[in-house]
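Q: Could you go through this protein with me, a bit at a time? I'm still learning how to read a structure like this one.

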Amino acid sequence: MYKGVDINFKGSGDNDKGAPIFATHDAVVTRVVRISQGDKDGGGNRIFITSKDGIVSTAYMHLDEIDSNIQTESLVYEGQLIGTMGRSGNGQQEYSGYASHLHYEIRINGEIVNPAKDANSLIDPQTFLNPIDGGTLDEIIVV
């Protein structure tokens, strides 16, 4: 089973290289991987974020750039710019095996779910999150 969905929203090829990628829910950055730091994985430059309550986690892969403010333990909010679309992977910034795209994954309670409701719309992971006593993400204490 392919675990996620590949998104290329301007057609095909590299037409959308550099397009903005936004966080899809309020979360804490749990992992940031950059090819420039020697990573050779097929996912390329990538970011993983997890909600305050641990229910929702998402992955954003094959990024061209990762926003300089995005670091492990950073707080991010739904709609915040986190990077740009690219074709990184297998230790290369411009992997020839990929056209520019975003590989996007969602996990709910640790189980991977198909992020696509249909060919034209994705699940909104923010809808799975419930504020605790009206709390906000700013109340997170990272240990």
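Q: How do S5 and S8 pair, and over how many bridges?
A: In this predicted model, S5 and S8 run in the antiparallel sense and are paired over six bridges.

Q: Which residue of S9 is the bridge partner of Ile-106?
A: Ile-106 has Val-113 as its bridge partner in S9, and the two strands, S8 and S9 (residues 111-113), pair in the antiparallel sense over three bridges. S8 and S9 also form a hairpin with two residues between them, and in that turn Asn-109 has a positive phi of about 50 degrees.

Q: And what about S1, how many bridges join that strand to S8?
A: Strand S1 (residues 5-7) is joined to S8 by three bridges, and these strands run antiparallel; here Ile-7 has Leu-102 in S8 as its bridge partner.

Q: Is S8 mostly covered or mostly exposed?
A: S8 is mostly covered, since six of its seven residues are buried.

Q: Switching to rings, how many aromatic pairs does the structure hold?
A: The structure holds two aromatic pairs. Tyr-60 and Tyr-104 form a tilted one, with 5.4 Å from centre to centre and 55 degrees between the planes. That pair links distant parts of the chain, as Tyr-60 belongs to strand S5 (residues 56-66) and Tyr-104 to strand S8 (residues 102-108), 44 residues apart. Tyr-60 and Tyr-104 are both buried.

Q: What kind of pair do Tyr-95 and Tyr-98 form?
A: Tyr-95 and Tyr-98 form an edge-to-face pair, 4.6 Å centre to centre with 70 degrees between the planes.

Q: Why does Tyr-95 count as partly exposed?
A: Tyr-95 counts as partly exposed because its relative accessible area is 22%, and buried would mean under 20%. Tyr-98 is also partly exposed, at 22% relative accessibility.

Q: Back to the inside, how many residues has the largest nonpolar core?
A: The largest nonpolar core has 22 residues, and those with the most contacts inside it include Ile-47, Tyr-60 and Ile-82. The elements that give two or more residues to this core are strand S3 (27-33), strand S4 (45-50), S5, strand S7 (81-85) and S8.

Q: What does Ile-82 touch?
A: Leaving aside residues up to four places away in sequence, Ile-82 touches several residues, among them Phe-22, Ile-47, Tyr-60, Ile-70 and Val-76.

Q: New topic: how many salt bridges are there?
A: A search of the whole structure finds seven salt bridges. In one of them, the side chains of Asp-14 and Arg-87 meet at 2.7 Å, N to O, and this pair links parts of the chain that are 73 residues apart. Asp-14 is partly exposed, with a relative accessible area of 34%, whereas Arg-87 is buried, at 15%.

Q: Where do Lys-17 and Glu-94 lie?
A: Lys-17 lies in the loop between S1 and S2 and Glu-94 in the loop between S7 and S8, so their pair ties together parts that are 77 residues apart in sequence. The closest N and O atoms of this salt bridge are 3.0 Å apart.

Q: Last one, which residues have pLDDT under 50?
A: The pLDDT stays under 50 over residues 132-143, for which the model has 17 contacts beyond four places in sequence. The protein averages a pLDDT of 86, and 88% of the residues score at least 70.

Key: Residues numbered from 1 in each chain as written. Predicted model: local features only at pLDDT ≥ 70, side-chain atom pairs only at ≥ 80, totals over all residues. Heavy atoms only, no water. Phe/Tyr/Trp six-rings, centres within 6.5 Å; stacked < 30°, edge-to-face > 60°. Helix = DSSP H or I, 4+ residues; strand = E, 2+ residues; numbered from the N terminus. Buried < 20%, exposed > 50% of the residue type's maximum accessible area, 1.4 Å probe, protein only. Pairing = 2+ DSSP bridges. Core = buried A, V, L, I, M, F, W, Y, C linked by side-chain atoms within 4.5 Å. Contact = heavy atoms within 4.5 Å. pLDDT = per-residue confidence, 0-100. Salt bridge = Lys/Arg side-chain N within 4 Å of Asp/Glu carboxyl O.
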